[in-house]
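Here is a short briefing to read alongside the model. Have the sequence and the 3D view open as you go.

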Amino acid sequence: MLNNGLRKVLSNIQEFVELRSLNTFNVKSKARFFLQLNSVDEVIGSIETIQQHPKRMVLGGGSNLLFVQDYQGLIIYPQLFGIKTVHEDEESICLAVGASENWHDLVTSTCQQGYYGLENLALIPGTVGASPVQNIGAYGVEIKSFISRVDAVDLDSGEIKHFTNDECQFAYRDSIFKQSKVGRFLITQVLLTLSKRPRLELNYQPLKDYFATKKQVTPQDVYDKVCEVRQEKLPDPKELPNAGSFFKNPVVSVAEYNSLKTQFPDIVAYPNGEDYKLAAGWMIEKAGFKGFVDNKVGVHKKQALVLVNHGDSLGDNVLKLANKVRQSIKTLFQVDLEVEVRVIGGE
Ligand SMILES: Cc1cc2nc3c(=O)[nH]c(=O)nc-3n(C[C@H](O)[C@H](O)[C@H](O)COP(=O)(O)OP(=O)(O)OC[C@H]3O[C@@H](n4cnc5c(N)ncnc54)[C@H](O)[C@@H]3O)c2cc1C
């Protein structure tokens, strides 16, 4: 016998749901099955239904995805809200944040309250639940520095798991959640520990220059500057659909970097441990793609790392352009560009 809760969840499965308004590339794609879940109990209660769909994925704000076809499996759309204080003392505060809370709203609120940590990560679209998936980062800061725990439901077993920071295996735009089988874990909440004592990261050049002469800098000051810099450079997906950086910045050895530097003396790169991280945006610009448009998709005119949808173009056209860019970069620099955005259907 099904209980009433489970009956309700099963009846909530929708079919052939248009995802266009649920992805920031604004590309058309239909989900064969679509299930919105409004509480952790609903997630647990619908495990058997979910397990009947081996092809499945969790959808957050759709700001790091490119659908290139209709999705033939089950899209799980959690709506898990709420922010609770888990622990607080003179030094720090630990917040448990529901996976579907808006990331930027959380940053706004913590900066307004004077907590240090998230200010460099302002204006990143999407949800809190997706933030550990690719270890979001910007202007010298990655979310891994503030995550104390990630709670998730293992959709294969139905168990609730608590991942410590180490267990998340964070790396550059990567984590266990990105590496595991697609659709295995549904993150329900993220525990973040923020500092009440000054702890700012101002090594990114525009921030360094701007704050060089300022004596007392607050998280709100950094937040304001980060928002200003981002608004100048990055297209707002509501006006020009996109998914942020389409490619990762490639990491190369010192020997490879030195060889590239000989051929391209103005190459932009940053030391990265024992290696070098190359600025993929510079390489794409050097290859002549900045501002390029074809089939209503293009390379953004101000930030070449961002591919944009100029109209009602399909995801497939974005992917074709991405492949063209990758081939050119390979030919010109002998470097492989890795895609940062998760491509659904064209894998
Ligand atoms: C204009 C713009 C600027 C951006 N700038 C940055 C930036 O500076 N730095 C950066 O790192 N990223 C950036 N991004 C990329 C993107 O915003 C982030 O990766 C964001 O964390 C994605 O959140 P989302 O909720 O939209 O996730 P989605 O795009 O919906 O999903 C992304 C991945 O996370 C998984 N996922 C989502 N929610 C859950 C969950 N609850 N449980 C398990 N898995 C889940 C999905 O299955 C998918 O694999 C930018 C994007 C845009 C459009």
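Which strands each supply at least two residues of the lining of the second largest pocket? They are strand E7 (92–98), strand E11 (160–164) and E12, where strands (E, at least two residues) and helices (H or I, at least four) are DSSP runs numbered from the N terminus. Please keep in mind that this is a predicted model, in which local features need pLDDT of at least 70, side-chain atom pairs count only at pLDDT 80 or more, and totals for chains, interfaces and linings use all residues. Residues are numbered from 1 along each chain as its sequence is written, and side-chain values use heavy atoms, with hydrogens and water left out.

**The second largest pocket**
- This pocket holds about 210 Å³ of space, a volume being the space filled by probe spheres set on grid points joined across faces, edges and corners.
- A pocket here is an open set of points on a 1 Å grid over the protein atoms alone, where a 1.4 Å probe fits, with protein on both sides within 12 Å along at least five of seven lines; lining residues have an atom within 4 Å of a point.
- Of its 15 lining residues, Val40, Leu80, Lys84, Thr188 and Gln189 lie nearest the centre.
- E7 gives the largest share of the lining, three residues.
- By type, the lining has six nonpolar, seven polar and two charged residues (Ala, Val, Leu, Ile, Met, Phe, Trp, Tyr, Cys and Pro count as nonpolar, Asp, Glu, Lys and Arg as charged, and the others, Gly among them, as polar).

**The ligand**
- Around the ligand there are 31 residues, with Val58, Gly61, Ser63, Thr127 and Arg342 coming nearest (a residue counts if one of its heavy atoms lies within 4 Å).
- Strands E8 (137–138), E12 (185–195) and E13 (242–245) each supply at least two residues of this shell.
- The shell divides into 16 nonpolar, 12 polar and three charged residues.
- Ligand oxygen atoms lie 2.6 Å from a polar backbone atom of Val58 and 2.8 Å from one of Gly60.
- A ligand nitrogen atom is 2.8 Å from a side-chain N or O atom of Arg230.
- The protein buries 94% of the 970 Å² that the ligand exposes when taken alone (Shrake-Rupley areas with a 1.4 Å probe).

**UniProt annotations**
- An unreviewed UniProt entry places "domain: FAD-binding PCMH-type" at residues 25–197; such annotations may be inferred rather than shown by experiment.
- That stretch, 25–197, is 14% helix and 36% strand, with its end C-alpha atoms 39 Å apart.
- The unreviewed UniProt annotation "active site" covers Arg173, Ser245 and Glu340.
- These residues are spread over 168 residues of sequence yet cluster in space, with a largest C-alpha distance of 11.0 Å.
- Arg173 sits in the loop between E11 and helix H5 (176–179).

How values were computed
A polar contact is a pair of N or O atoms within 3.5 Å; within protein, one must be able to donate a hydrogen and the other to accept it, and residues adjacent in sequence count only if both atoms are side-chain atoms.
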